[in-house]
Amino acid sequence: MDRLTRNAILISAVLLVLLIVSLAWNRDLAPRIWQLNTLLEQDPVLMNYPYDFKAVLFVNGIVTLTSPHASEMPLEPFLQTVDPSLKEKTAQDPAVEAARARFEQQERHVIALMLAEPDVESVEWSLDRAWYHRHGLQLAQP
């Protein structure tokens with residue numbers, strides 16, 4: 001390797017390290033998706049819920065968040081996994097209805113939290129397939 005190539009590689013490596021350090025040091029330069037996820041992680045209401053909502057995409061004012069519930073997946077398998085006492089109960093049972101209401105309240109809180117950000121105009125939900133995979137639950141084929 002000639003001297004010019006070696007020097008170019010070394011300078012590039014130093015600049016990359018400086019960029020990484022500056023991003024870690026100055027949170028204002030962090031990608032917006034990281035900032036939104038930090039906001040979700042530090043929210044005291046969401047800390048006490050057994051599911052961690054995550055922002056996965058932020059484009060043109062629209063943030064896409066993960067959720068264990070979407071139009072293609074009913075909510076009951078999620079509720080029964082996070083609260084095993086609900087497994088033998090029907091969907092009309094007061095305990096199941098209370099768990100469903102608590103989940104819906106959490107989703108509304110996440111939406112309000114995101115829409116309170118000045119650059120967020122809309123929220124979309126994406127089924128968290130990874131959560132189902134980690135918990136060994138089958139998903140319907142798309």
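**Notebook: helix packing and sheet**

I began with the helix pair H2 (residues 32–42) and H5 (residues 94–115), which pack at an angle of about 135 degrees with their axes 11 Å apart. The model is a predicted one. I noted the pair as oblique, because angles over 145 degrees would be needed for roughly antiparallel. I looked up the hand of the crossing of H2 and H5 and found it right-handed.

Next I listed the residues that make the contact. H2 contributes Leu36, Leu39 and Leu40, and H5 contributes Val110, Leu113 and Met114. Sorted by class, the contact of H2 with H5 has six nonpolar residues, with no polar and no charged ones.

I then turned to the sheet. Three strands form it, in the order S1-S2-S3; the sheet is open and its pairing is mixed. Which strands stand at the edges? They are S1 and S3 (122–127), each with a single partner strand, so one side of each lacks a neighbour in the sheet. From one strand to the next I have an average twist of 25 degrees.

I took the two pairings in turn. S1 (residues 55–59) pairs with S2 (residues 62–67) in the antiparallel sense, over four bridges. In this pairing I find valine 59 opposite isoleucine 62 of S2. The hairpin of S1 and S2 has two residues between the strands, and asparagine 60 there takes a positive phi near 50 degrees. The pairing of S2 with S3 is in the parallel sense, over six bridges.

H2 lies across S1 and S2 and runs at about 135 degrees to S1. H5 lies across S2 and S3 and runs at about 135 degrees to S3.

Last, I looked at the whole chain. I count six helices and three strands. Read from the N terminus, the elements run α-α-α-β-β-α-α-β-α. How does the radius of gyration stand against that of a compact globule? The chain has 21 Å, whereas a compact globule of 142 residues would have a value near 14 Å. For the extents, I recorded that the C-alpha trace spans about 75 × 35 × 25 Å along the principal axes of the chain.

Conventions: Residues numbered from 1 in each chain as written. Predicted model: local features only at pLDDT ≥ 70, side-chain atom pairs only at ≥ 80, totals over all residues. Heavy atoms only, no water. Pairing = 2+ DSSP bridges. Axes fitted to C-alpha atoms, helices over the stretch in contact; angles between N-to-C directions. Parallel < 35°, antiparallel > 145°, perpendicular 65-115°, else oblique. Left-handed = near helix turned anticlockwise from the far one by under 90°. Contact = heavy atoms within 4.5 Å. Nonpolar A, V, L, I, M, F, W, Y, C, P; charged D, E, K, R; others polar. Rg over C-alpha atoms; globule rule 2.2 N^0.38 Å.
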